[in-house]
Amino acid sequence: MPANNNQRYCKLCGKRVRAKYLANYRRLDRHRKTQRQKECRKTLSGYVFHLIGGIKARCTNPREKSYPRYGGRNIKLCFNAGELLDWLKKYGVDPRGLETHRIDNDRDYSLDNIEFLTKNEHLEKHKFRKK
């Protein structure tokens, strides 16, 4: 236990946190939640669920910034996180650090239409031009 009464340790990460910070339950809960999310995203399944959440938001949430380029063009997500996880394990692909790329830009997100590329490969495929 800390010698100073104003300091406590977070039960999740072991980090020293001020008692004032711990007194406010919402702030503590937010600290724990962000720590859990960071730890979860380090695992393959956690990363896949995070990835699917982003794709689903782009395709279904009209308030999402990039919705007009995905959901507005009627692009859909045709698989769930479990199916993607099985597919990744079958082919031995680890998507952490890679970007999701649709092979055919006019088709939905389906397992036969996605690939995982490095940032440089992704930029090379698109060859962005100034208008």
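A: Here's a walk from the pocket to one of its helices, and then on to some charged pairs. Keep in mind that this is a predicted model.

Let's start with the pocket itself. The largest pocket has a volume of about 470 Å³, and 18 residues line it. Nearest its centre you'll find R58, Y70, T100, Y109 and H122. Sort the lining by class and you get six nonpolar, six polar and six charged residues.

Now zoom in on α3. This helix has 17 residues and reaches 24 Å from its first C-alpha to its last, close to the 24 Å expected at 1.5 Å a residue. Its buried residues are L44, G46, Y47, V48, L51, I52, I55 and C59. A handy thing to know here: an α-helix has 3.6 residues a turn, so residues three or four places apart point the same way.

Next, the charged pairs. The count comes to five salt bridges. One of them joins D106 to R73, with the closest N and O atoms 3.0 Å apart. That pair links distant parts of the chain, 33 residues apart: D106 is in the loop between β3 and β4 (114–117), while R73 is in the loop between α3 and α4 (81–91). D106 is exposed, at 62% relative accessible area, whereas R73 is partly exposed at 37%.

Finally, look at α5 again. E115 forms a salt bridge with K125, the closest N and O atoms being 3.1 Å apart. E115 lies in strand β4 and K125 in helix α5, so this pair ties together parts that are 10 residues apart in sequence.

Terms used:
Residues are numbered from 1 along each chain as its sequence is written. This is a predicted model: local features need pLDDT of at least 70, side-chain atom pairs count only at pLDDT 80 or more; totals for chains, interfaces and linings use all residues. Side-chain values use heavy atoms; hydrogens and water are left out. On a 1 Å grid over the protein atoms alone, a cavity is a set of points where a 1.4 Å probe fits but cannot get out, and a pocket is an open set with protein on both sides within 12 Å along at least five of seven lines; lining residues have an atom within 4 Å of a point. Grid points are joined across faces, edges and corners, and a volume is the space filled by probe spheres set on the points. Ala, Val, Leu, Ile, Met, Phe, Trp, Tyr, Cys and Pro count as nonpolar, Asp, Glu, Lys and Arg as charged, and the others, Gly among them, as polar. Helices (H or I, at least four residues) and strands (E, at least two) are DSSP runs, numbered from the N terminus. The expected span of a helix is 1.5 Å times one less than its number of residues. Buried means under 20% relative accessible area, exposed over 50%, partly exposed in between (1.4 Å probe, protein chains only). A salt bridge is a side-chain nitrogen of Lys or Arg within 4 Å of a carboxyl oxygen of Asp or Glu.
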